[in-house]
Amino acid sequence: MNIKQKKYHVFQRFGRAFKFNFIKLLRSPGGANKVALGFALGFGLEMLVISSASLIYIIFFPLVRLSRASLSASIIGNVIGKLTFLPVILLPFARKLGKVIFPLELSPGHHTAFSVQQLLHGDFHSLVGLLHGGIHALVGMTIFGIVLGVISYFIIHYLYEKELANRLKRRRHKREINLNRQVSGTL
């Protein structure tokens, strides 16, 4: 037998992936606070991925564990942050915001190549050279990450509580229908 699978175009796949991750988020265990905090951490830290050259993932797991948030919700928040392309869209604005908040202009003098060995020996000149191009973006994206994380916390907390109430309502309704069928079947 030849079974044809339905093919979805790019926008449909994007919408389906977003909806699937959102449903997984609302069904993850741990309560509204734990899930909302995990999502907010994952979503907020996603804003720092580009500007930190993915080094933010080094502290991702320990930060989620120390805050006692849901790891699965933080991963889902991180994925949703990737799917929205917000870090890419906000990067030019973050650079301007970073220049306003941190107006120090670093001089483009002679910079040596970055070396972990030099850093471990106390030579921080290579680190300054590494951050020269992206310190403003890092400052701006940190602020955007904090703001978007706080906003997403309250949104996910509200949606989680609303979905929980709707699920309990559907269960009660289903139970009442089953009881009515059993009572009418015995009469």
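Start with the salt bridges, each defined as a side-chain nitrogen of Lys or Arg within 4 Å of a carboxyl oxygen of Asp or Glu; the count comes to 2. This is a predicted model, in which local features need pLDDT of at least 70 and side-chain atom pairs count only at pLDDT 80 or more, while totals for chains, interfaces and linings use all residues. Residues are numbered from 1 along each chain as its sequence is written, and side-chain values use heavy atoms, with hydrogens and water left out.

Select E46 and K82. Their side chains meet in a salt bridge of 2.9 Å, N to O. E46 lies in helix 2 and K82 in helix 4, so the pair ties together parts that are 36 residues apart in sequence. E46 is buried, with a relative accessible area of 5%, whereas K82 is partly exposed, at 39%. Here buried means under 20% relative accessible area, exposed over 50%, and partly exposed in between (1.4 Å probe, protein chains only).

Next, select E163 and R170, whose side chains form a salt bridge of 3.3 Å, N to O. E163 is partly exposed, with a relative accessible area of 22%, and R170 is partly exposed too, at 47%.

Now switch to a cartoon view. The protein has 8 helices and 0 strands; helices (H or I, at least four residues) and strands (E, at least two) are DSSP runs, numbered from the N terminus.

Go inside. Of the 187 residues of the protein, 26% count as buried. The largest nonpolar core has 21 residues, and L25, V35, F39, M141 and I156 have the most contacts inside it. Such a core is a set of buried Ala, Val, Leu, Ile, Met, Phe, Trp, Tyr and Cys residues joined through side-chain atoms within 4.5 Å. Colour helix 1 (10-26), helix 2 (31-46), helix 4 (71-84), helix 5 (86-101) and helix 8: each supplies at least two residues of this core. Helix 2 gives the most, with 6 residues.

Return to the surface and select F14, I50, F85, V88, I89 and F93, a nonpolar patch with about 590 Å² of accessible area together. Patches are made of residues with over 30% relative accessible area and no salt bridge, with like charges joined within 9 Å and nonpolar side chains (Val, Leu, Ile, Met, Phe, Trp, Tyr) within 5 Å. Areas come from the Shrake-Rupley method with a 1.4 Å probe, and for residues only the protein chains shown count as cover. Helix 5 contributes the largest share of the nonpolar patch, 3 residues. I50 sits in the loop between helix 2 and helix 3 (57-66).

Last, select K169, R171, R172 and R175, which gather in a surface patch of positive charge. R171 is found in helix 8 (residues 135-186).

Note on methods. Lys, Arg positive; Asp, Glu negative; His and termini not counted. Charge placed at Lys NZ, Arg CZ, Asp CG, Glu CD.
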